[in-house]
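These are my notes from going through one structure, entry by entry. I kept to what I could look up in it.

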Amino acid sequence: MNTISIIGAGIGGLTLGNILKQHQYDFTIYESAPEIKPVGAGIMMAVNAMQVFDQLGLKEKIEKAGNKIHRIVIANESLKTISKTEILELETKYNSCNVAIHRAELQKILAENISSDSIKLNHSLQKIEKKENYILDFENGNQFESRIVFGADGIKSPIRNQILKTGTIRNSGQKCWRGLLDFDLPEKYHQEAFEMWGKGKRFGFVKISDRKVYWYACINEKSFGRYLEIAEIFNDFDSLILQIIEATANENIICNTISDLTPIPKWYSENLCLIGDAAHATTPNMGQGACQAIEDAYIIGKLLEKNKDFNAVFEEFQSIRRKKVDYIVSTSRTIGKVSQWERGNSIRNFLMGMIPESMHQKMAKKIIELEM
């Protein structure tokens, strides 16, 4: 029998594995994919996540594999700055900086730091039942018994659906393409995460390694013909954007609908706890989805330092984390709507530009400060 099972080897599940390893717990991570090689997209590890990786001894490795980002810029279609958030002061305070990285690179670093015996690939959870312990049935026919179960199995979490029987996935009405390419980005953008706001659409890009650039393009689904090419939709944006889109091979572009999870009343049951998207999936507008899963793992680790009773830890974990994740889910949803207004954009941009730098700093600090 397994003492601890983690379902899902995404960034949250792998971070939790690293934290349990640090606390000398035995655990097994079950992952549905045949290998840890997610479809390629970039991801931003904000200062809160990087502080956790620092404590795991992985900060420098991640910084080396990615690209340090010192400011976040919002601009209009012609690359004219609307607002700018400088992170340098916060980087100094927390001894960590934002790192843009290929998702697959990050998962590889996290997985390599755990014994390969602890990760079982090709294990897609079909059914979970609570008897004296939890019985885990996998699609490949394997069955395991486990005393403690962590659901790090994403927004569509089978564990949440079968055990907690709760959670409504909300469609934001927005569709997002994400692409990856080798591209010589002008030097002034090398240490920036850049997002451009247009009418009912936006485009973001960031350098994630020496040559690689990650970009995303979001639209209001109802306002754009289903079969328009991305380049057609963004033809009123600066020519740099069209160059980036046109230089990206089709197989390096993925497309998803943007969704989040309506806040659920409880993230845990007896000897079982959800983390990350399974508990509180958010839209990607604040770049905090994976970062919040990492914070979840960190808080569980901190609580286990002073209490070995997992059920008491799960209860306290939710009470510590609830306020912050609810704030991020609702704020992120609002940013998604505002950034894709279809009318009054010049007023929106003007008002955004009037917000003092200190306010942006205050919001950034609220997000990146760890709660313990």
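**Charges over rings**

I began with lysines placed over aromatic rings. Lys 201 lies over the face of Phe 234, 5.6 Å from the ring centre. I then looked up Lys 366, which lies over the face of Tyr 327 at 3.9 Å from the ring centre. I note here that the model is a predicted one.

**Strand E14 and its partner E15**

Next I turned to strand E14, which covers residues 201-207. Strand E15 covers residues 212-220. I found that E14 and E15 pair in the antiparallel sense, over seven bridges. How many residues lie between E14 and E15 in their hairpin? There are four residues between these two strands. In this pairing I located Lys 207 opposite Val 213 of E15.

I also checked strand E12, residues 169-182, against E15. E12 and E15 pair in the antiparallel sense, over nine bridges. Asp 182 stands opposite Lys 212 in E15.

**Aromatic pairs**

I searched the whole structure for aromatic pairs, and the count came to 15. One of them is formed by Tyr 214 and Tyr 216. Is Tyr 214 buried or exposed? Tyr 214 has a relative accessibility of 10%, and it counts as buried because that value is under the 20% cut-off.

I also looked for a cluster of rings. Tyr 25, Phe 150, Phe 310 and Phe 314 form one aromatic cluster.

**Strand E5 and its neighbours**

I moved on to strand E5, residues 71-75. Four of the five residues of E5 are buried, so I noted the strand as mostly covered. Which way do E5 and strand E6 run, parallel or antiparallel? They run antiparallel, and five bridges join them. Ala 75 stands opposite Thr 81 in E6. The two strands form a hairpin with five residues between them.

On another pairing, E5 joins strand E13, residues 192-197, in the parallel sense over five bridges. Here I found Val 73 opposite Phe 194 in E13.

**Positive phi values**

In the loop between E5 and E6 I looked up Leu 79. The phi of Leu 79 is positive, near 70 degrees, although the residue is not glycine. Leu 79 has a relative accessible area of 17% and is buried, because the cut-off is under 20%.

I checked Asn 95 as well, another residue other than glycine with a positive phi, near 55 degrees. Asn 95 lies in the loop between helix H4, residues 88-94, and strand E7, residues 98-102.

**Helix H2**

My last entry is on helix H2, residues 47-55. Why do I describe H2 as largely enclosed by the rest of the structure? I do so because seven of its nine residues are buried. The buried ones are Val 47, Asn 48, Ala 49, Met 50, Gln 51, Val 52 and Phe 53. After H2 comes Gly 57, with a positive phi near 75 degrees.

Methods. Residues are numbered from 1 along each chain as its sequence is written. This is a predicted model: local features need pLDDT of at least 70, side-chain atom pairs count only at pLDDT 80 or more; totals for chains, interfaces and linings use all residues. Side-chain values use heavy atoms; hydrogens and water are left out. Buried means under 20% relative accessible area, exposed over 50%, partly exposed in between (1.4 Å probe, protein chains only). Two strands pair if DSSP finds at least two bridges between them. Rings of Phe, Tyr and Trp (its six-membered ring) pair if their centres lie within 6.5 Å; planes under 30 degrees apart count as stacked, over 60 as edge-to-face and the rest as tilted. A charge sits over a ring if NZ of Lys or CZ of Arg is within 6 Å of the ring centre and within 35 degrees of the ring normal.
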